[in-house]
Structure formats: structure tokens, C-alpha cells
Amino acid sequence: MTGLWLALALAAGAPSAVTIASVRGEQRVPVSIGADGAPMLQARALLAALGGTFKQQDAWLDVFVARQQLRFLLATPYVVFDGRAQPLVSGAIVQRDTAYLPLQLVTDVLPRLFAERYRYDVEAARLMDAGWQLVKGSGEAAPIEAPPKARRGGAAPAGGTLRHQHVVTVDAGHGGVDPGNPGVFFPAGMKEKDVTLQMSLLLRDELRSRGIAVRMTRTRDTLIALGDRGAFCTEECDLFVSLHVNSLPRRRGSSDVRGFETFFLAEAKTEDAERVAKMENEAVRFEPETEATAEQQGLDFILKDLAANEYLRESARLAELIQSQLGNVNPGGDRGVKQAGFMVLTTARRPAVLVEMGYSTNPADARLLTSKGSQQRMAAAIADAVVGYLADYERKTGDDS
Ligand SMILES: [Zn+2]
């Protein structure tokens, strides 16, 4: 009942319209009062003024604004952002085929979640939209690097051009006291952690030259805990790509096995997938012990789970694109898209994949992975796949923000 009282109180003080002010000009959006007394804004009018879009899917109303997704479970007083449910005075509703969003989205939710971009003036009933700007990362180790002006006439991205600024987290596997696999056929002294770092730096440059901003989990030979890597990809991040090199224990015929494969997070489906996951999760033993973080409870947890499922489909799509692009430049052979329980992927709050770019235990693959030309081609291929994925995603969400 508290919700209803609050709603009534809000309705009493609600403005008759709000003004959205941005570089696109000023637009007034009338406030309506719902059956339960809560002040609402017609979703179509509001998102047009905000330069965003919305989409109704089953019981969900998805709002895309400021290149972020906010999910409203219809007729429930919650908004889900970044996998977390936040309580509202009243929720989104659909009445006679018209979708309405709570006024609170404008007065409170947007200014709170994206404080760098939105400010709400209660007196004037006005939302100021400062437009898109990159938010600097808090840690010195992982700044979001603004891309240089996209190269005109440079590498044409496969799958179309991007209309919006995107941020991708690139994760160089292993590092510091965790060498990864020993790199049997790599040049002397080189280990998996060195190749993943070289490839990640190349991928960063390739992505930036395609106009994509990049956040790195590491740019030096340092250890980043597996559980912390995914946290680099939260609000201001579209994708998480982790780079690794595969290897097999020494036994008869093991050096004949070669090829590249891309994993997305799920229960391991095959023995081989389980082996790779075990191997990559091993890195945990290098980390100092910490208290396990408390699991989210109740609704929050279920909603997080739903979001994770959605990311699974997206991750699988990205994995397919990476495999198909790598197939053009890596003669080692396409070992396919696989699923496995990688710890590094479980903490990512966005579509996330892990690429095993080849085997250090195969001489030909080891050459591919350590020579400049083929490294460059592989980095470009992965970057093309990312652009293809993001272009698809822009088309699907019809994001015009
Ligand atoms: Zn690895």
C-alpha cells in the first residue's frame, strides 16, 4: 500500500508536462495520471524526446537510451539496470496498446544512473541531457581509451559501419605470476601470458581504428584475479573479449592438434570443453584468498539470471562471428563455437566470449601466434567480428540514441 500512497502523493505534486532539453532542442512531454494515481509519460513521446527507443517483448518493456538498456517488467514497480532490480514508486504499463513509463524515470532514475549525462531541475520540470561523453574509469590501470577519429578509407568493417560509440573490454589472459601455459613451441622465454598481451594490444589498436573505445584489463605483465576481470565490463561497456592460447598435455599425437575455438559461458558440454575451462580456471590458485562475495537474493537474483540468459544468445552470436572471421586468416582450422564454465566469463555483465586462438603445443600454430604478420591479421579479424556484431545489435535494437 505504501507504493500507492507514494504514487498519489507524487501525482498531486506532478507537473503537467516535463521538458527534455538536449542538443536536439527542447521537447515537452505531457504527464498523464495512471489508474493507480501514478504520474506517467507516454513511452513513444518520451523516447523520441530522449533520442532513444523502446520495445515491448512479452512482459518486458525494454528502453534503450544513452546506449544503455533499462528493462521494465510490466506492471511491477521495478526497473532492471545492469542486471540489478531497483525499486520504483510505480512501474511501466501498457494501456490500450500504448506503453507508459513512470515519470520517475525522468525525475530520478536517469539522473541517478547516468549523472554525467542527465540532470533534472524539479522547479522547471526539466531534464537536461548533456549528450554522450566517455566516463573515465576509476582505476589508473584501466582507463577507457577514447578512440582517435575513425580512419576514413581505412579498414572497412565487415558487416557495416557503426552509428554509435561502443566500448569493448579486452582481457589478456593470465599475467604476472600466472604464466598461463608454458608455450612449448613458442620462442624461448615466451609463455601464453606474453602472447595474450601482444594480441590484446593489437586488438585494442584494431578496435580503436574502427572507432570503438577499448578498456583493457591489463596492459602490462600483471596478475588480475579472474573474478575481477569481468567487472571491467559493466555500465559503459558493450562486450567482453578474453584472449587465450590453448595447449594439450604432452602425449602421443598431442602436437598434431591445432586450430582456434571461441567459448561462451555455459555448462561445459563436452569433455574437451571441460578440460579447457579447468585449465583456464586454474589461474585462481595464483590469487590471494578473499572472502566470497555474498550472493544476490530473491528477485534481484532471478532477474540477473534472466539477463544472463539473454547475454548467452548474444555471446553465442559474437562467438560465431569471431570463428567465421578467424577462419579467413588462421589456417589452423575452425574448431567451432563451444560452451564452458569459465570463471572469467561468469562475472561479466555483458555478452562475453573467450577465444583460444590456437595451440602452443602445435609448431605451426605456435608460429602463427608469435609472428607479427599473422598476429596482426588475427587481431583485425576479431575486430571485424566485433564490428559485425555491434552493427547487428544496432540494427536489432533500432537504437537511435
Ligand atoms: Zn589461458
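**Stop one: an enclosed strand**

Select strand β10 (residues 98–102): four of its five residues are buried, so this strand is largely enclosed by the rest of the structure. Here a residue is buried if 20 or more other C-beta atoms lie within 10 Å of its own, exposed if 12 or fewer, and partly exposed in between, with C-beta atoms placed from the backbone. Strands (E, at least two residues) and helices (H or I, at least four) are DSSP runs, numbered from the N terminus.

Before going on, a word on what you are viewing. This is a predicted model: local features need pLDDT of at least 70, side-chain atom pairs count only at pLDDT 80 or more, and totals for chains, interfaces and linings use all residues. Residues are numbered from 1 along each chain as its sequence is written.

Strand β3 (residues 39–42) runs antiparallel to β10 and is joined to it by three bridges; two strands pair if DSSP finds at least two bridges between them. Click on Leu-41 and you will find Leu-101 as its bridge partner in β10. Strand β9 (residues 93–95) also pairs with β10 over three bridges, in the antiparallel sense, and there Val-94 has Ala-99 as its bridge partner. The hairpin of β9 and β10 has two residues between the strands, and Arg-96 takes a positive phi near 45 degrees in it.

**Stop two: the five-stranded sheet**

Next, show the open sheet with the order β4-β5-β6-β7-β8, whose pairing is antiparallel. Which strands stand at the edges? They are β4 (53–57) and β8 (84–87); each has a single partner strand, so one side of each is left without a neighbour in the sheet. From one strand to the next, the twist averages 25 degrees.

Zoom in on β4 and strand β5 (residues 60–65), an antiparallel pair joined by five bridges. Gln-56 stands opposite Leu-61 in β5. Axes are lines fitted to C-alpha atoms, for helices over the stretch in contact, and angles run from 0 to 180 degrees between N-to-C directions.

**Stop three: the cores**

Now colour the nonpolar residues. A nonpolar core is a set of buried Ala, Val, Leu, Ile, Met, Phe, Trp, Tyr and Cys residues joined through C-beta atoms within 7 Å. The largest one has 50 residues, and Val-168, Leu-203 and Ile-382 are among those with the most contacts inside it. Helix α10 (residues 372–397) gives the largest share of this core, eleven residues. A second, separate core of 38 residues includes Leu-41, Val-80, Ala-92 and Tyr-118.

Select helix α4 (residues 192–209), where 13 of the 18 residues are buried. Past α4 you reach Gly-211, with a positive phi near 85 degrees.

Finish with two positive phi values in residues other than glycine. Ala-125 has phi near 50 degrees and lies in the loop between β11 (118–121) and β12 (126–129). His-174 has phi near 65 degrees and is found in the loop between β14 (167–172) and α4.

Is His-174 buried or exposed? His-174 is buried, with 29 other C-beta atoms within 10 Å, while Ala-125 counts as partly exposed, with 19 C-beta neighbours inside 10 Å.
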